[in-house]
Amino acid sequence: MLKKFLTNKAYPVIFLAIIVIISVSLLLLISSVTAPVLEVRKAEETKSTLEVIFPEMDSYEIEDEIYVIYRDGEKEGYAFKTSGSGYSGEIDILVGLDTSFKIKGISILSQTETPGLGARIAEDSFTAQFKGIALSEVALKSEGGGVDAITGATISSSAVVDAIRDKMAEVVDELKE
């Protein structure tokens with residue numbers, strides 16, 4: 001009987017179906033166990049990045065994808081995430097604004113730009129240029145703005161500037177309402 005079943009043409013299909021069901025079940029189980037851990041870790045990373053931009057921050061809350069930053073119960077500023085398409089892929093950025101809507105600081109959260117060239121967008125020499133500038137100045141100097149592009153990495157520099165400017169315009173308009 002077993003020999004007849006093993007030689008049946010349906011055996012491989014049934015065997016593979018069982019393997020797939022077991023694999024999917026295990027993946028769902030692992031995902032349900034690790035998802036909360038990943039969420040906590042992601043929240044901790046976001047908080048630590050916000051603390052770099054807002055070192056005096058006590059707490060924050062999220063309202064419509066905008067982080068509202070508090071210090072001693074008073075609004076200290078705002079932050080938002082944005083992304084742009086660089087030379088080699090997506091660039092994810094966290095931008096902090098003070099209460100007068102000037103940039104308090106930015107942090108490159110992730111990027112896949114060329115090491116030693118476009119990847120320099122994550123260095124302080126580039127990100128520090130954004131501190132204290134208003135929306136009207138968020139452009140490359142070659143376009144009349146206040147940010148120097150990285151030599152040899154204009155696409156990466158432009159991607160960061162464009163992503164910040166576009167999302168910042170949305171956020172400022174939303175906050176002024």
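Buried means under 20% relative accessible area, exposed over 50%, and partly exposed in between (1.4 Å probe, protein chains only). The model is predicted, so local features need pLDDT of at least 70 and side-chain atom pairs count only at pLDDT 80 or more, while totals for chains, interfaces and linings use all residues. Residues are numbered from 1 along each chain as its sequence is written, and side-chain values use heavy atoms, with hydrogens and water left out.

**Exercise 1.** Work out how the rings of phenylalanine 126 and phenylalanine 130 are paired, and whether each residue is buried or exposed.

*Solution.* Start with the rule: rings of Phe, Tyr and Trp (its six-membered ring) pair if their centres lie within 6.5 Å; planes under 30 degrees apart are stacked, over 60 edge-to-face, and the rest tilted. Here the centres are 5.5 Å apart and the planes stand at 75 degrees, so call this one edge-to-face. Next, check the cover: phenylalanine 126 has a relative accessible area of 1%, so it's buried. Phenylalanine 130 comes in at 0%, so it's buried too.

**Exercise 2.** Count the aromatic pairs, then classify the one formed by tyrosine 78 and phenylalanine 101.

*Solution.* The same rule gives 3 aromatic pairs. For tyrosine 78 and phenylalanine 101, take 6.0 Å centre to centre and 20 degrees between the planes: that's stacked. Now place the partners (strands are DSSP E runs of at least two residues, numbered from the N terminus). Tyrosine 78 sits in strand S3 (residues 74–85) and phenylalanine 101 in the loop between strand S4 (90–98) and strand S5 (103–110), so the pair links distant parts of the chain, 23 residues apart. Finally, tyrosine 78 is buried at 9% relative accessibility, and phenylalanine 101 is buried at 17%.

Methods: Helices (H or I, at least four residues) and strands (E, at least two) are DSSP runs, numbered from the N terminus.
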